[in-house]
Amino acid sequence: MSAQTQTCAALHDLYLKKSPIVVAGVLQSQAKEFVTATIVDTKVSWTPSFGISDSTVRSLKKLNALLDSGIVDSLKQLYGLAPDYDFRELRANGIRSFLLLTTRCLASLLTYLRSLNTYSVSTWSGKTERLVCAYIDCFKELHTCINLLCTIPRFCDHGTLFPRSVFTGLPEVGQCDMGPLSSAQVHLEVTDENDQSPSSQARNQEDPELARELMYFKNLQTRFDRIKQEYFYGRCLGFYFCPSAQRILLLLGSFMAGYGNTFNESKQGLSNFVFTIYRSVSSFLSPEERGVLIARLTRSSNVNFCKALWSFAEHPLITGGPNVILPAMSIVHSFELMPRKLRVPFRPEHIPTPLNGNETMKRPQRFVTINYPVAHFGPEPVSVRLLSYRSRPGMEWAQQHLLTSILHSSSSSSSNLSPYLLFHIHGGGFVALKSQSQDIFLRQWAEFLDCPIFSVDYSLAPKAPYPRALEECYFAYCWASLNRTRLGAQPNARIVLCGDSAGGNLVLGLCLRLAYTGIHPLPHGALVAYAPVLVSFTPSPARMLSLMDPLLPIGILSKCLLAYAGVDEKRLNPDPTGPPHDAVDTTSQRTRSSFSGYLWNRFVPRLWSGSPATPDENLQSTSVEQSGGRRFHNRPRDRFSVPVGLSEMCTPIGNGSTPCAQKNDSSVPSNVMHMKRELPSDLDRVRYISFSQDSFMSPYLASDDLLRQLPPLGIVCSNFDPFLDDCLELAKRASRLGVSVDMRVVDDLPHAFLNFAPLGPEFQYANKVCMNMLKSLFERDPENPCDPSSSSESSSPAGMSKYHSFDEDFVAE
């Protein structure tokens, strides 16, 4: 075992057996010993064998100053706060994630400091020194994060990880109300930070203490935004994930940097492919360049870059992979649901009046007419897919070829209808991907559960923002419930919903929509994986992980949420007099040698001539020039509305709770802002977007009466996922309302880990956790439900898995 592996394993054993405060003290004392021995030749047991560069000495002095700046006191404070935000016995929340991340950063830093004393190739070549400097830079930014996290509880209610509504401008949780559903509209507007409602201005002027707290909260957000992301996307990319994830993220990060340059230059054809490969390799070999490029791309590019980047997951080479390495399906059929009205029954209502002492009289069955989706661009077919491991009766129409049905063996066919039907909604940030891109785990689910899977390819934002996707999922569910026998399931088959990321949000919105309208049958359960429950740029400790997350950076996260909410990015352009930031390839041009740059820029494009590189108007700069004295650009208030369209889907039965809809209002008094407001960051413009919230768009805000009608929930997330706090807060609130909740937190995996199911043992374990949760939801007895307090089974506490670094080959034995 290498030196780094031994060190990290020992530190994690100490983390589990001792108090976390003891761990912080040990890390501080050992690090300071090595720093002191490196800077001056003191009489200690360790001294560097090679002379170190001046830049490394400066970095070590910086580390020494950081360790003397009260980091241990801040860690003690967070360690004391972390248990207040756990869900039952589950030791996981955003604060714990940051503490574990800091521990692993210091553990890696200690190991590389020790390796400076070894006679190895990595030490002689200077690679170890560069790694030491990189981890010191990361620790500096984590030091800032830790200090800022210590102030977050003052803005939150006890035990809650989301700030109070007075700071976020969101409706009160569970207390918002609205009129009839037919009058619901989503009003979106782009406002400046000076624009406030008269009521909020008056409230702030009457309460100067609240005004100071609001200003402090906004400054806190701006300081978070200024964390230097490039340090986490360079040599330290994904250092806190498991080894399998580190390798995958290194390749994906290099590809993102390479493809971003090509996309920004509007390359097409063969030149697009050549430039992407070249710059991906260049980014892989130049970590510092990769970090700068990823940080700039994710902050300045628009949602079209996200769609184009994630669309590579739908390439035939990738989507065809499951056909070779995963179980073969008997039925894989894509089709469309025509825009026709559906007649769906209401839930049976019984009158508790006994007849003959034993019987109960039923009211006549009532039906409701479900309209087809019409939001934004009128009626269009809804694309869906059917997957099944076995060919069952009623599926003959889905077999595309006669030869296919002849070749089916007896083991891949069944004469019985399935008692279960899995209704799947794919993820993709509301803006990308289709159901086929998730066959990498859906095929394993189909074999394990031995039931048909009905998946919806909903319309994507920004072309089809909220509520189009929810309308289509609602329509598809009603169709599936009426046609279960055609899908290979029994007429009364249990339907369980499942979705990951954006699909999880749609699953929750669909459950609330079905409960509100009284459609029969209701889902028998729902599996939600790493889903956002608030479509809002609301901070939480876990959401701050997107500052360093390579798969879901904070810039991409904000653009996807705004696109789903229907906000036009062109309205977000900052001061047009600011300098452009779309020339993201300047670093690579500076680091490239003059000779190679001449060959690449002059000779190669003549061989592969694509379309002329024209600037893309959608890639204009969206960052703010932070020069001294420059204020955030004043914009006129433009109001526009997007029809919800849910009012045309079904008439409510009138005895349920109404979803919430309340306009966000920013509340910062101008007199305080002029005195103490920090210069806005490039992400502050997102927070000044004001749009109405809806219970179906942000399920966490739903009323208590509506939320308690959720079916039994299975929730799964990673301890390093930016939506960990979203899942935890949903589990806490649903559990308090009597909803059965089974939540699992898997260790050391990135966001969207299901899409990497066969690529490592950690991913395979997480996939098995999801499959077992689905099986439990299907087999759950509705007549004798388990006690909600006993249904919150959990995995091992976050951070308990052994940690091994991806950079082991750089450290001597």
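**Reading the model**

Modeller: Helices (H or I, at least four residues) and strands (E, at least two) are DSSP runs, numbered from the N terminus. This is a predicted model, in which local features need pLDDT of at least 70 and side-chain atom pairs count only at pLDDT 80 or more, while totals for chains, interfaces and linings use all residues. Residues are numbered from 1 along each chain as its sequence is written, and side-chain values use heavy atoms, with hydrogens and water left out.

Biologist: Over which residues is the pLDDT below 50?

Modeller: Where pLDDT is low, the predicted coordinates should not be read in detail. Residues 41-49 are one such stretch, with pLDDT below 50.

Biologist: How do the axes of helix α7 and helix α10 cross?

Modeller: Two packed helices are described by the angle between their axes and the distance between the axes. Here the axes of α7 (residues 127-149) and α10 (residues 208-225) come within 10 Å and cross at roughly 160°. Axes are lines fitted to C-alpha atoms, for helices over the stretch in contact, and angles run from 0 to 180 degrees between N-to-C directions. Therefore α7 is roughly antiparallel to α10 (an angle over 145 degrees). Cys 145, Leu 148 and Leu 149 of α7 make the contact with Leu 220, Arg 223 and Phe 224 of α10 (heavy atoms within 4.5 Å).

Biologist: How many residues of helix α18 are buried?

Modeller: Buried means under 20% relative accessible area (1.4 Å probe, protein chains only). In α18 (residues 439-449), nine of the eleven residues are buried, among them Phe 441 and Trp 445.

Terms used: Parallel < 35°, antiparallel > 145°, perpendicular 65-115°, else oblique. pLDDT = per-residue confidence, 0-100. Buried < 20%, exposed > 50% of the residue type's maximum accessible area, 1.4 Å probe, protein only.
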